[in-house]
Amino acid sequence: MGTRLGALVERLGGQLVGDANLEVTGIAPLTDAGVSHISFLSNSKLRAQAAQSQAAALIVSAADDAFIAAGYSGARIVVPNPYVYFARAAQYFESLTAIVPAAGVHATAVVADSAQIAASAHIGPRVVIEDGAVIEDGAVISAGCFIGREAVIGEGTKLFANVTFQAYCQIGKRGIIHSGAVIGTDGFGFANEGGVYIKIPQTGRVIIGDDVDIGANTTIDRGALADTIIEDGVKLDNQIQIGHNCHIGAHTAMAGCVGVAGSAKIGKYCTFGGAAMVLGHLTIADKVHVGSGSMVSRSILEPGQYTGFYPLAKNADWEKSAVIVRNLPAMRDKIRALEKTIKTKTEEDES
Amino acid sequence: MGTRLGALVERLGGQLVGDANLEVTGIAPLTDAGVSHISFLSNSKLRAQAAQSQAAALIVSAADDAFIAAGYSGARIVVPNPYVYFARAAQYFESLTAIVPAAGVHATAVVADSAQIAASAHIGPRVVIEDGAVIEDGAVISAGCFIGREAVIGEGTKLFANVTFQAYCQIGKRGIIHSGAVIGTDGFGFANEGGVYIKIPQTGRVIIGDDVDIGANTTIDRGALADTIIEDGVKLDNQIQIGHNCHIGAHTAMAGCVGVAGSAKIGKYCTFGGAAMVLGHLTIADKVHVGSGSMVSRSILEPGQYTGFYPLAKNADWEKSAVIVRNLPAMRDKIRALEKTIKTKTEEDES
Amino acid sequence: MGTRLGALVERLGGQLVGDANLEVTGIAPLTDAGVSHISFLSNSKLRAQAAQSQAAALIVSAADDAFIAAGYSGARIVVPNPYVYFARAAQYFESLTAIVPAAGVHATAVVADSAQIAASAHIGPRVVIEDGAVIEDGAVISAGCFIGREAVIGEGTKLFANVTFQAYCQIGKRGIIHSGAVIGTDGFGFANEGGVYIKIPQTGRVIIGDDVDIGANTTIDRGALADTIIEDGVKLDNQIQIGHNCHIGAHTAMAGCVGVAGSAKIGKYCTFGGAAMVLGHLTIADKVHVGSGSMVSRSILEPGQYTGFYPLAKNADWEKSAVIVRNLPAMRDKIRALEKTIKTKTEEDES
């Protein structure tokens with residue numbers, strides 16, 4: 001259940017320095033790697049640690065290789081980006097032991113006659129698939145999932161157990177949706193008449209591109225009239241909320257607990273730290289990076305790193321500073337008064 | 001699959017200026033509306049846009065109608081509140097095409113003999129309904145829902161797929177519960193004995209009024225001894241957490257990711273922006289509006305708009321301001337020292 | 001369906017002052033307790049209220065008993081910690097009426113042949129249990145749960161309806177997992193190659209100790225290579241997110257909506273208020289208490305109470321203070337300039 005280094009390099013590239021016939025059984029961090037593992041050095045600060053690793057082989061950059069080659073006796077795979085190579089190698093090792101769900105529809109699944117299920121797709125136990133839904137080649141719909149009417153699950157996309165994917169929504173190829181996620185719930189849209197809310201029907205869809213990952217218990221609302229759009233390569237962690245009519249640009253990533261209110265338009269290649277929040281109807285440019293716990297209350301039109309959270313302190317210190325924060329306008333007024341007093345005094349003295 | 005303008009006005013009211021026999025097929029925003037759509041003008045800033053709309057008819061207020069009547073050649077429906085009328089019209093158009101789940105119990109549902117299921121209710125595939133539960137007329141329990149012992153689902157209330165509604169809890173009429181919501185989970189109640197937590201049984205219920213909407217993956221805890229109460233007309237978005245023994249007043253609305261800790265008592269007609277948080281045992285008056293991302297740490301006894309989140313900035317700027325926030329007490333002391341110095345100097349000069 | 005006071009004290013300890021043969025039917029708060037209830041006084045401020053309670057018996061500390069004995073005519077159970085005793089008594093009363101799910105596997109459950117199900121375990125309707133999973137004695141797997149391959153559910157642990165427990169993960173004895181929780185979803189791990197994310201397989205597990213409670217819709221990610229660890233006695237409320245490779249120390253409690261990013265190491269006996277957030281790779285010492293809505297952005301190596309959230313204010317006041325918060329560096333510079341001016345002036349005056 002392993003591979004020869006030569007076979008790995010043949011598959012994934014990189015320059016091998018060492019024995020191509022050496023067998024390795026898996027991948028492990030520097031500190032845990034044993035003599036049958038390969039490991040990786042993605043942070044130059046760990047060169048000394050790497051040189052002492054017991055790993056059979058190390059994935060390294062050329063710059064780091066020059067430093068560790070002398071001290072480290074194992075094989076090296078020299079590559080431009082060791083962390084990316086590690087990811088690909090880990091995918092490869094995982095593929096050696098992964099249990100691929102069998103094609104076919106489980107006897108306990110409830111599948112509408114008009115649904116189109118590819119012969120190579122896996123439909124697990126207790127799945128419900130409604131009229132006109134399309135499950136493409138190699139898609140995996142795990143136990144307990146619900147697929148609504150005319151929804152489309154693209155080729156090779158995997159839904160873990162207990163995902164809810166509502167009617168008319170679509171996801172492209174090679175996506176992953178984790179358990180408990182709900183795609184295509186009604187957006188939060190109401191008109192208010194004398195204090196009472198009147199529901200606005202949410203008749204748009206959620207349209208999700210290729211290579212999109214969606215975390216556990218994440219929710220994405222369908223559009224009100226138009227659609228909610230998630231472009232290719234977007235990665236959403238767990239417990240994220242995306243409001244109706246949002247548009248998330250390609251290759252943007254959001255960490256857990258992020259919330260995006262309705263109709264926000266977020267660019268490509270952005271990142272959002274955990275629990276960051278974006279208000280509705282804002283525009284966020286490409287390559288904007290928002291720190292964890294930060295509230296985005298205005299549009300951000302320039303790329304860059306943005307942050308806004310109250311710094312943590314010992315409770316007693318926080319209480320003191322928080323009182324002053326409330327009273328900052330008074331403090332500003334005092335400073336202005338001091339400036340004026342001094343200016344007046346100086347003028348008097350000089351006159 | 002459309003309607004004549006005359007039929008719409010007959011049903012929903014409003015003063016029609018134009019051809020009552022004109023057929024319209026749906027409703028769309030000003031910018032998207034085509035010649036068979038009706039559209040609406042709910043924001044007077046968009047008068048110019050409205051006047052150029054291709055829509056067959058516009059829903060407008062009398063004030064706006066006076067402005068657009070000259071420029072716009074389509075029909076107009078003049079009403080007191082165009083946005084509310086839009087909501088009702090959208091509901092009507094949706095009703096023309098909506099697929100109503102058929103009455104009856106799906107063959108794969110597991111329903112206890114002692115449960116009372118109205119003949120007009122829909123019980124979807126894979127639903128589980130336990131002993132003594134009551135599903136009233138016209139209720140819709142979609143695929144995969146769980147209804148606990150002696151729970152009550154009121155007339156016309158709809159549960160989307162994969163809702164969990166625990167034992168003894170109740171929801172009234174015309175409610176909506178979205179997928180993944182969990183109603184009636186145990187509250188977070190423990191006694192601490194030498195560092196170890198002893199669970200306090202949570203034996204209260206969740207009692208939900210009429211016309212309440214509950215978002216996807218929202219959780220509402222059952223009371224510890226007494227009940228958790230959600231009054232009529234409350235609207236909860238996705239991923240909201242309501243702690244045990246909370247009381248949410250009628251027609252209060254909360255946006256996504258809001259958290260309310262146990263035993264908070266929230267008034268009627270309040271609104272909470274996304275990710276706002278309310279600590280436990282607080283009282284919030286009627287008509288309090290809390291901004292997104294704001295932490296309510298004390299009771300609010302006066303209506304009004306309240307906010308409290310750290311303003312976003314470029315990361316470098318935030319770092320500078322955050323350091324000073326921590327040191328505000330020192331800054332205050334410096335200002336006091338300056339004030340004292342100047343006061344002393346002034347007195348010296350004057351003496 | 002009640003108990004004699006004597007039987008209660010025999011079971012739970014405490015010094016009974018009053019009639020051991022008195023029958024009580026349940027437990028209630030001071031204000032609600034009727035003549036057949038017992039109640040408890042856990043807060044000395046409520047002594048006067050307690051003395052007037054209609055409860056048949058009161059659980060009190062010795063200190064409080066000295067005060068109320070004169071005024072209160074019912075029985076008293078004198079104990080060191082009335083709140084803990086209340087919890088245990090409430091557990092006892094609940095046990096008298098609790099409906100224990102019957103042992104055995106429901107006909108609609110889908111259980112792999114190679115799974116090991118204890119004869120005393122309850123497997124509810126629509127449950128799916130995959131190959132090699134182990135369900136120990138007395139465990140309860142409620143309707144709609146999914147148990148992945150080779151997962152282990154310990155003795156007496158209860159999963160409420162619709163829990164997802166992924167492959168290879170384990171939970172110990174006497175645990176509770178509430179509905180909608182997802183244990184063992186993939187961690188959020190990617191390598192970035194030119195803006196595009198490459199998934200790092202998440203091959204670790206989630207290993208959960210004994211006496212752990214996990215709230216509704218809470219998510220715990222499996223480790224990337226090593227495991228995510230939740231030690232004994234940890235209590236997690238609803239909608240909490242625990243990232244991959246986190247380690248949560250024994251008897252730590254987290255309130256609803258808390259987020260912990262990957263590889264954070266949190267000590268024992270900590271508490272986290274609702275919606276507190278912990279960044280990744282941090283270390284938190286034992287007995288650290290983090291307030292609600294606070295962002296932990298650096299390691300905390302000393303026990304204590306920590307807080308950091310922006311204080312709530314009327315919106316107009318917040319807007320004024322928030323503007324100044326952004327401009328604090330300018331304010332500091334003004335103060336420095338004032339200090340310098342005064343220093344210069346004073347030196348001039350004195351020269």
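Trainee: What area do chain A and chain B bury between them, and what share of it falls on carbon and sulfur atoms?

Mentor: Chain A and chain B bury about 5,500 Å² between them, with 67% of it on carbon and sulfur atoms. Keep in mind throughout that this is a predicted model. The size of an interface is often given as the accessible area lost when the parts come together. In this interface, Phe188(A), Tyr197(A) and Met295(A) supply 12% of the area that chain A buries against chain B, more than any other three residues. As for contacts, 65 residues from chain A take part, and 65 residues from chain B.

Trainee: How many salt bridges and how many residue pairs in polar contact are found between chain A and chain B?

Mentor: Side chains of opposite charge can pair when their charged atoms come close. Across the interface of chain A and chain B there are 2 salt bridges, and one salt bridge joins the side chains of Glu193(A) and Arg88(B) at 2.9 Å, N to O. The polar contacts come to 20 residue pairs, both residues being at pLDDT 80 or more. Several elements of chain A give two or more residues to the side that touches chain B, including strand S22 (190-193), strand S23 (196-199) and H5; H6(A) gives the most, with 8 residues.

Trainee: What are the corresponding values for chain C and chain A?

Mentor: The area buried between chain C and chain A is about 5,500 Å², of which carbon and sulfur atoms give 68%. On the side of chain C, Phe188(C), Tyr197(C) and Met295(C) lose the most area to chain A, together 12% of what that side buries. There are 2 salt bridges between chain C and chain A, and the side chains of Arg88(A) and Glu193(C) meet in a salt bridge at 2.9 Å, N to O. The polar contacts between chain C and chain A number 20 residue pairs, both at pLDDT 80 or more, and H6(C) gives the most to the side of chain C that touches chain A, with 8 residues.

Trainee: Why does the salt bridge between Lys314(A) and Glu302(C) join two chains?

Mentor: The side chains of Lys314(A) and Glu302(C) meet at 3.2 Å, N to O. Lys314(A) lies in strand S40 of chain A whereas Glu302(C) lies in the loop between S38 and S39 of chain C, so the pair joins two chains. Lys314(A) is partly exposed at 37% relative accessibility, and Glu302(C) is partly exposed with a relative accessible area of 47%.

Trainee: Which residues of H5(A) are buried, and why do they line one face of the helix?

Mentor: The buried residues of H5(A) are Trp318(A), Ser321(A), Ala322(A), Ile324(A) and Val325(A). Seen down the axis of H5(A), these buried residues fall within an arc of 160°, so they line one face of the helix. What covers them includes helix H6 (328-350) of chain A, helix H5 (315-326) of chain B and helix H5 (315-326) of chain C. Helix H5 (residues 315-326) of chain A has 12 residues and reaches 16 Å from its first C-alpha to its last, close to the 16 Å expected at 1.5 Å a residue.

Trainee: Is Asn238(C) buried or exposed, and which residues does Asn238(C) touch?

Mentor: Asn238(C) is in the loop between strand S28 (235-236) and strand S29 (241-242) of chain C. Asn238(C) counts as buried because its relative accessible area is 1%, and buried means under 20%. Leaving out residues up to four places away in sequence, Asn238(C) touches residues of chain B, among them Thr185(B) and Gln241(B), and of chain C, among them Gly215(C) and Cys257(C). The side chain of Asn238(C) also reaches the backbone nitrogen of Ala216(C) at 2.8 Å.

Trainee: Where does Tyr269(B) lie, and what is the phi of Tyr269(B)?

Mentor: Most residues other than glycine have a negative phi. Tyr269(B), although not a glycine, has a positive phi of about 60°; Tyr269(B) is in the loop between strand S33 (265-266) and strand S34 (271-272) of chain B. Ser263(C), likewise not a glycine, has a positive phi of about 65°, and its place is in the loop between strand S32 (259-260) and strand S33 (265-266) of chain C.

How values were computed:
Residues are numbered from 1 along each chain as its sequence is written. Chains are lettered from A and ligands numbered from 1 in the order in which they are written. This is a predicted model: local features need pLDDT of at least 70, side-chain atom pairs count only at pLDDT 80 or more; totals for chains, interfaces and linings use all residues. Side-chain values use heavy atoms; hydrogens and water are left out. Helices (H or I, at least four residues) and strands (E, at least two) are DSSP runs, numbered from the N terminus. The expected span of a helix is 1.5 Å times one less than its number of residues. Buried means under 20% relative accessible area, exposed over 50%, partly exposed in between (1.4 Å probe, protein chains only). The arc is that of the directions from the helix axis to the C-beta atoms. Contact means heavy atoms within 4.5 Å. Buried area is the accessible area (1.4 Å probe) that two parts lose on being put together, summed over both. A salt bridge is a side-chain nitrogen of Lys or Arg within 4 Å of a carboxyl oxygen of Asp or Glu. A polar contact is a pair of N or O atoms within 3.5 Å; within protein, one must be able to donate a hydrogen and the other to accept it, and residues adjacent in sequence count only if both atoms are side-chain atoms.
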